[in-house]
Amino acid sequence: MTTTVTPLRGYLSDNAAGASPQILAAMTSAAEGLAAPYGNDDLSASVRAKFADVFDHHVDVFPVGTGSAANGLALAALTPPWGAVLSHPDSHINNDEAGAPEFFTNGARSILVDGPDSKLDPDLLRAAVGRRRGDVHSVQPSVVSLTQATEAGSVYSLNELAELSSIAHEAGLRVHMDGARFANALTAIGATPADMSWKAGVDVLSFGATKNGAMTADAVISFDSGLATELRYRHKRAGQLTSKMRFQTAQLGAYLDDDLWLDNARHANAMASRLRDGLAELPGVTILSKSGANILFCHFPEYLSADLKARGYAFYDDRWGTGVVRFVTSFAHDASDIDALLASVTEVTRQHS
């Protein structure tokens, strides 16, 4: 009997992708034998050393099960309850975490700082970091949170990161990076992990792996050893210090081994570029986002979105405005998937021309 394999038609999010075979194999290997619990095993120790090598810096590593937990724990270590977290209106911590940052920080307020392409504007940030400083009646600006890559798929340059971090540090604020798609941003600009984190002024990084090949593993990476004790207790208190930590560190270790994380990210980015180039040539389609990571925004006529969904394609539409659609590519998509989508778009637009 012949089995027909249909193209992968899910473009809602890279969360929809499965796991890399190398990561599955690492988890299977970690299941053998006995190991000390709560991250005291040899595998977890080796993964902490790998992160130090990758970032060329001493790091404290706290594996977590979700990016929301990573962001919440990181921000809680960087701001008091009467503080304010400065982030872009499009940021994940502002729009998609159901108040988790406020919960983890015990009430720190979110202050929004706008800017084009979902990036913080430096001039607006300069004004925000000094807002009502020392006024007992107001929350105090405490931490700047940068999303890299952004929710629009745009990517900060190293100079942009350094400028924003300098503004924050000069005002006495700390810097957090939401790196749910850290690898995608890294490969997009061709930087090193060190250049795009601590060398750019980042104090704590929410390091994403789940969207890019892992199953249930992200991590808080702290470049400030002075935060280690607080993060250790917050990690436990938040229910993120898992008893069988080796299954998370196995994922993270395999993710870093042989540059799997970078290869997966390059591939996902390349698929987004392939889709962008193909859609740009079609009538009725307007590309709205600049090339960057693995997220693409465009404007579709209403009939196009409806017809594609009828063919089984899944993507967000109208969430960001009438006719605005978002496609997210992943390591699991291949060129034939993208070409099949482009062929469907071409066929539908011809039918309506």
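**View 1. Surroundings of L86 in the predicted model****.** Once its neighbours within four places in sequence are left aside, L86 is in contact with I111, V113, L125, A128, V129, P141, V143, V144, S145 and L173 in this predicted model. Apart from it lies another core, made up of 20 residues, which include Y11, F315, F327 and V348. L86 also belongs to the largest nonpolar core, which has 52 residues, and together with F51 and F207 it touches the most other members of that core.

**View 2. S289 in the loop between β8 and β9****.** The loop that holds S289 runs between strand β8 (286-287) and strand β9 (295-299). S289 is buried, because its relative accessible area of 11% falls under the 20% cut-off. A polar atom of the S289 side chain lies 3.0 Å from the backbone nitrogen of F297, and F297 is also listed, with A152, R276, I295 and L296, among the residues in contact with S289 when neighbours within four places in sequence are left aside.

**View 3. Helix α13 and the elements against which its buried residues pack****.** Helix α13, spanning residues 335-351, has 17 residues, and the 24 Å from its first C-alpha to its last is close to the 24 Å expected at 1.5 Å a residue. Buried in this helix are D337, I338, L341, L342, S344, V345, T346, V348 and T349, and the buried residues of α13 pack against α11 (260-280), α12 (302-310) and β11 (324-328).

Methods. Residues numbered from 1 in each chain as written. Predicted model: local features only at pLDDT ≥ 70, side-chain atom pairs only at ≥ 80, totals over all residues. Heavy atoms only, no water. Core = buried A, V, L, I, M, F, W, Y, C linked by side-chain atoms within 4.5 Å. Buried < 20%, exposed > 50% of the residue type's maximum accessible area, 1.4 Å probe, protein only. Contact = heavy atoms within 4.5 Å. Helix = DSSP H or I, 4+ residues; strand = E, 2+ residues; numbered from the N terminus. Polar contact = N/O pair within 3.5 Å; in protein donor to acceptor, adjacent residues only side chain to side chain. Expected span 1.5 Å × (residues − 1).
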